[in-house]
Amino acid sequence: MLTKRLIACFDIIDGRVTKAVQFNDNIDVASAEELAGEMYDAQIDELIFYDITASAEKRAIDIETVKKVAGRVFIPFTVGGGIKDLNDMYETLKAGAEKISVDSMAVRNPKIIEQGAKEFGSQCIVLSTQVKRVGNASGCPSGYEVFVDGAKVATGMDAIEWLKRGQELGAGEICLNSIDNDGTLSGYDLELMKMADIAVSVPLIASGGAGIPGHLKDLFTQTGAQAAIISSMLYSPRLEKNYTVLELKNYLAQNNICVRPTKPSS
């Protein structure tokens, strides 16, 4: 049985972690460095870091914050936002990232996926994609369209076809975020994840919508997703009850879902 992974995702603005609903109205949460330490101590499986305004502002990634966060965690650490070429990838990996996430830039220049996979290995390249349900009449056969620049700009690209192309170009993992469900605490878009699982064979990370432990159970029992982003459940100020990683892993284990074990708290 494959072990399922729980991932904290940091949406970074000026070195701070923020939380939004459908990519709007970001609320400040905490210093990225401090929250990274807390998540590591809580035994989260992985961490994803997005400099969410870098692409829209056409600037380089906040490399200093990457270094600070990397210094606080010793788990798989993925970084994205403002990465436009191999040199940016190299600098980000040198700063402490283990994997590179490409999103808006990959849409504009798909060869960056191929170049990154060739230079650093497919296991190092994560294709992160923000998609929105637009219906079949939109010209997107799957009914889902890819958006870029912080989910603000429609591309006209069919989401599932883009995932297939990303895998062909060398992406070793895909992080699929539902814009409609993002930050709503209403659960993952299971239909979207099922379609993606049929389309590609690389590991899938589900993002957008988790609010209660049952949403994780639904995701892992009804789709082929190998990992889930659970940021709101851990530290969203909009949620009445935040959960600990231990609580979530215990719940999943009780429901016969294989998760990475946690060390007993001291």
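1. A word on terms before we start: two strands count as paired if DSSP finds at least two bridges between them. Keep in mind that this is a predicted model. With that in hand, have a look at G80, which stands opposite S101 in strand β6. The pairing behind this is parallel, with 3 bridges joining β5 to β6 (residues 99-102).

2. How does the chain get from β5 to β6? It goes through helix α4 (residues 86-94), and this β-α-β crossover is right-handed.

3. β5 has another partner too: strand β4 (residues 46-51) is joined to β5 by 4 bridges, and these two run parallel. If you want a spot to check by eye, find I48, which stands opposite T78 in β5.

4. Now for the side chains of β5 (residues 77-80). Which residues point which way? F77 and V79 go one way, T78 and G80 go the other, and all of them are buried. In a regular strand the side chains alternate between the two faces of the sheet.

5. Moving on to helix α8 (residues 190-199), this is where you'll find K194. Is K194 buried or partly exposed? Its relative accessible area is 39%, so K194 is partly exposed.

6. What does K194 touch, once its neighbours within four places in sequence are set aside? Q222 and T223 are in contact with K194. E33 is another matter: it sits 161 residues from K194 along the chain, and the C-alpha atoms of the two are separated by 35 Å.

Conventions. Residues numbered from 1 in each chain as written. Predicted model: local features only at pLDDT ≥ 70, side-chain atom pairs only at ≥ 80, totals over all residues. Heavy atoms only, no water. Buried < 20%, exposed > 50% of the residue type's maximum accessible area, 1.4 Å probe, protein only. Right-handed = clockwise from strand over helix to strand, strands pointing away. Contact = heavy atoms within 4.5 Å.
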